[in-house]
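Please keep the sequence and the structure in view while reading.

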Amino acid sequence: MKKMSSVKHSKFWTRFFTYFYMIVLSIVILYPILITINSAFKVGNVTAFALDFSSKWTLSNFGRLFQETLYGKWYFNTLVIAIFTMVIQVGVITLAGYTFSRYRFVGRKKSLLFFLVIQMVPTMAALTAFYVMALLLNALDHFWFLTAIYIGGGIPMNTWLMKGYFDTVPIDLDESAKLDGAGHFRIFYQIVLPLVRPMIAVQALWAFMGPFGDYMLAKFLLRSETRYTVAVGLQTFISDAKNPQVVLFSAGAILIAVPISILFFLLQKHFVSGLIAGGTKG
């Protein structure tokens, strides 16, 4: 009886702390989101972010974004960069992950180790190097250079994740296909690739989200106001301490979530298996 009581007591406290943790985490996540939503729909302008539902709400702030500012241009710039980053990065890491998983070649282990070492160096630590490189290539204020950095920065660790996911696909499938006369490309495209779509979906979302959330790198390399991304452009709304455009900033921040949410819902069925299986084997 004492054992059963002790087990029940232990389960109670486990559930209590689990739910308590989830509630606290939800508050931490939802509170700033509620403030942003509340500020985006307020009439007029406010000088600070605050959770206040007493004032009147309006949709005019979203119209002002496109009529009075360059937000539409910033949004388009970011979408272009995000799409190219997603497509190219996913293609590169998929091929690289398959190569490291299925083939044995000279320098394979050293290359994987090099990827790990590179990943230990934060992208922000190389800002000066990126700036000098942009000057040498006459690439300052050009989207292609910023996109290339986004792509390159995501390759090392994501290649490891893709390799780990490819490792979960039985090698016996490849061997069986070879016996049936299938070539390397056919094995990859028709047999193995459909089985790793979950991780590809996860990588696509990560790559797409990156340009929307990055401020430092884009601010450092993009100088013309018409070429800003949304993160850099939104910061200009609140950079003037005497006249911060909080409602415009909040409205613009909400609109950032639209394409990301659409992509998320299109790919969500793949996410759970993709995130779990990618780290099961290395």
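A salt bridge is a side-chain nitrogen of Lys or Arg within 4 Å of a carboxyl oxygen of Asp or Glu. The model discussed here is predicted, and the structure holds 3 salt bridges.

One of these joins the side chains of R64 and E68, with an N to O distance of 3.3 Å. Because R64 and E68 are 4 residues apart in helix α2, about one helical turn separates them. E68 has a relative accessibility of 53% and therefore counts as exposed, since the exposed class begins over 50%.

Another salt bridge connects D167 with K163, whose closest N and O atoms are 2.8 Å apart. Both residues belong to helix α6 (residues 143–167), where D167 and K163 are 4 residues apart, about one turn of the helix. Buried means under 20% relative accessible area; D167, at 18%, is therefore buried. K163 likewise counts as buried, with a relative accessibility of 4%.

In the salt bridge between D174 and R102, the closest N and O atoms are 2.9 Å apart. This pair links distant parts of the chain, 72 residues apart: D174 lies in helix α7 (residues 171–179) and R102 in helix α3 (residues 71–102). D174 and R102 are both buried.

K42 is placed in the loop between α1 (2–40) and α2 (60–68). Its side chain makes a polar contact with the side chain of N38, at 3.4 Å. K42 counts as buried because its relative accessibility is 5%.

Conventions:
Residues numbered from 1 in each chain as written. Predicted model: local features only at pLDDT ≥ 70, side-chain atom pairs only at ≥ 80, totals over all residues. Heavy atoms only, no water. Helix = DSSP H or I, 4+ residues; strand = E, 2+ residues; numbered from the N terminus. Buried < 20%, exposed > 50% of the residue type's maximum accessible area, 1.4 Å probe, protein only. Polar contact = N/O pair within 3.5 Å; in protein donor to acceptor, adjacent residues only side chain to side chain.
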